[in-house]
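Hi,

Here is the structure I said I would pass on.

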Amino acid sequence: VTTYFAVILGLTILLYVLLDGFDLGVGMFFGLTRDPDDRRSMLASISPVWDGNETWLVLAGTLLWGAFPRAYSLILSSFYLPIVLMLGALILRGVAFEFRDKARGSRAFWDIAFSVGSFIVAFVQGAAVGAIAAGVPIENGRYVGGPFCWLSPFSALCGAALCFGYMLLGLGWVIGKTEGGLREKAYRRVKIYTCIVGFLLIVLFVYSSHLELQILNRWRERPYLAAFPMVGMGAALLLLFGARDRRDFRPFIFMSVAFIAAFGTFVVSFLPYMLPFSLTIAEAAAPPASLRFMFWGSGLVVLPMILFYTITVYRVFRGKLVTEVE
Amino acid sequence: LSLPINQYSSIQIPLRRRRRECHDPKADLHSIPFFTFRIMVGCGLLMLGLAWFGSLLQLTERIDRQRLLLWAICLSFPLPFIATLTGWFTAEVGRQPWTVYGVLRTADSVTPSLTVGETIASLAFFGSIYLLIFSFGTIFIFRLIKAGPDGGGAEVAGNAKRPMAVAGKAPVWHAEEAGW
């Protein structure tokens, strides 16, 4: 049962990253675009799905809480301030989405809240992943670092990389969902951002070997790990050079593959640890009786339901965005 | 609404027992859930009453002449908010000093590494965000009320698939174009 919940948790986090990743990316791209029509199209392209995407974050948190309580308590204690910051940004961002249409004088403010909120959320998530990979200071099952332990040059670089990564996902989404000038703008940015992400990842790799992160030993122990970055690199190259043939759904697919590869890299280099080198999945898991109890309720009923309505929403709103002519 | 009620009914009896047993000054805390619970239920009943009475009059088509009722409905907009807030007070204050009733005390469930500064910072952060959101939310609600049911309704009816969007201005979806 532990394995089942570990797999479910992994899939939930991956789905969250892919889904909320693109709408956060659209949010950031929104902040870098000035044209009001483009902005409206971007909002319209994510408006049916963005809040549904965030339920996967709630689900991931709940799964951690219910199935891996020790990991939940450690992660939330070590990342107290960044999580508070992320939640605040998510609140502002979500509210801004609804308020900007109601606002008269304050629309500019809500637009800024929307894009800055998206940036903060992406940055914090990237920084948290970086901090976890670098190792969270834990002794005797307790967090012993300070409130700003999560923020180091290394984790800040990870945060920046994730911002650009999410933006690429968002651009892929915009390309798939719109036509005309906005799509062309997105196509142009895809190339620039792919290069930036590639550069940041190389810097991160060099930096982490400079820091002699423990996680790098994993790469020596498990050479097959390299397959994941290879797949990611392949996807990035396709993204870079495949942009010409204008199959509009492709950039998003390539970007998703790159993200799945990145996620796989982390998972395989973390295993069997949940928090590298301080907490294994088995240590973090709830007692088997609780897990079995949860399995019948959430595992067999709630999860398929969420999956079902998520797929339904994307089916209903498939296709391109068209501006209605009056 | 139902959640705080259930929680309250299950903890009411132990609370009363404890009130008899100990006479420490903290027992004053029990007056908070006592009042908040009743305020919450009162708000709920008031909303139900307004809605049902209004619907009844609507059926008999006399609602336009009931100025008093219309004003009452108009002024009732903060009731759901008050009910939610007092409901949370009931649940959260009512279960003290326990986080999980009878199992885990609040004092034992505090994160060891959490500092006072972090707590104050997060509280102030959330407080200011909510202050901002609720201020603007109130302004927008007032605008909706001022526009009246006709003014607000036209804005919503534009596209059933995107009820929050402004009609006509925003792009809409063409489902038949199945590119994906």
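**What turned up**

Chain B has an accessible surface of about 12,300 Å², and carbon and sulfur atoms account for 69% of that. Bear in mind that this is a predicted model.

Staying with chain B, there are 180 residues, and 24% of them are buried. The chain holds six helices and three strands. Reading from the N terminus, you get the order α-α-α-α-β-β-α-α-β. I also looked at contacts in chain B between residues at least 6 apart in sequence: 57% of these join residues at least 24 apart.

Two packed helices are described by the angle between their axes and the distance between the axes. For helix α3 (residues 50-67) of chain A and helix α4 (residues 69-78) of chain A, the axes come within 5 Å and cross at roughly 120 degrees. On the α3(A) side, the contact is made by Gly61(A), Leu64(A), Trp65(A), Gly66(A) and Ala67(A). From α4(A) come Pro69(A), Ala71(A), Tyr72(A) and Ile75(A). Sorted by type, the residues of this contact are seven nonpolar, two polar and no charged.

Next, the cysteines. How many disulfides are there over all chains? The count is zero, where a disulfide needs a pair of cysteine sulfur atoms within 2.5 Å. Take Cys149(A): the closest cysteine sulfur belongs to Cys158(A) and is 14 Å away, so that is too far for a bond. Cys163(A) also has its closest cysteine sulfur in Cys158(A), at 11 Å, and that is again too far for a bond. Is each of the two buried or partly exposed? Cys149(A) is partly exposed, as its relative accessible area is 38%. Cys163(A), with a relative accessible area of 6%, is buried, since the cut-off for buried is under 20%.

Val7(A) sits in helix α1 (residues 2-31) of chain A. With a relative accessible area of 47%, Val7(A) is partly exposed, because exposed would take over 50%. From Val7(A) to Ile306(A) there are 299 residues in sequence, but in space the two are 16 Å apart, C-alpha to C-alpha.

Cheers

Definitions and conventions. Residues are numbered from 1 along each chain as its sequence is written. Chains are lettered from A and ligands numbered from 1 in the order in which they are written. This is a predicted model: local features need pLDDT of at least 70, side-chain atom pairs count only at pLDDT 80 or more; totals for chains, interfaces and linings use all residues. Side-chain values use heavy atoms; hydrogens and water are left out. Helices (H or I, at least four residues) and strands (E, at least two) are DSSP runs, numbered from the N terminus. Buried means under 20% relative accessible area, exposed over 50%, partly exposed in between (1.4 Å probe, protein chains only). Contact means heavy atoms within 4.5 Å. Accessible areas come from the Shrake-Rupley method with a 1.4 Å probe; for residues, only the protein chains shown count as cover. Axes are lines fitted to C-alpha atoms, for helices over the stretch in contact, and angles run from 0 to 180 degrees between N-to-C directions. Ala, Val, Leu, Ile, Met, Phe, Trp, Tyr, Cys and Pro count as nonpolar, Asp, Glu, Lys and Arg as charged, and the others, Gly among them, as polar.
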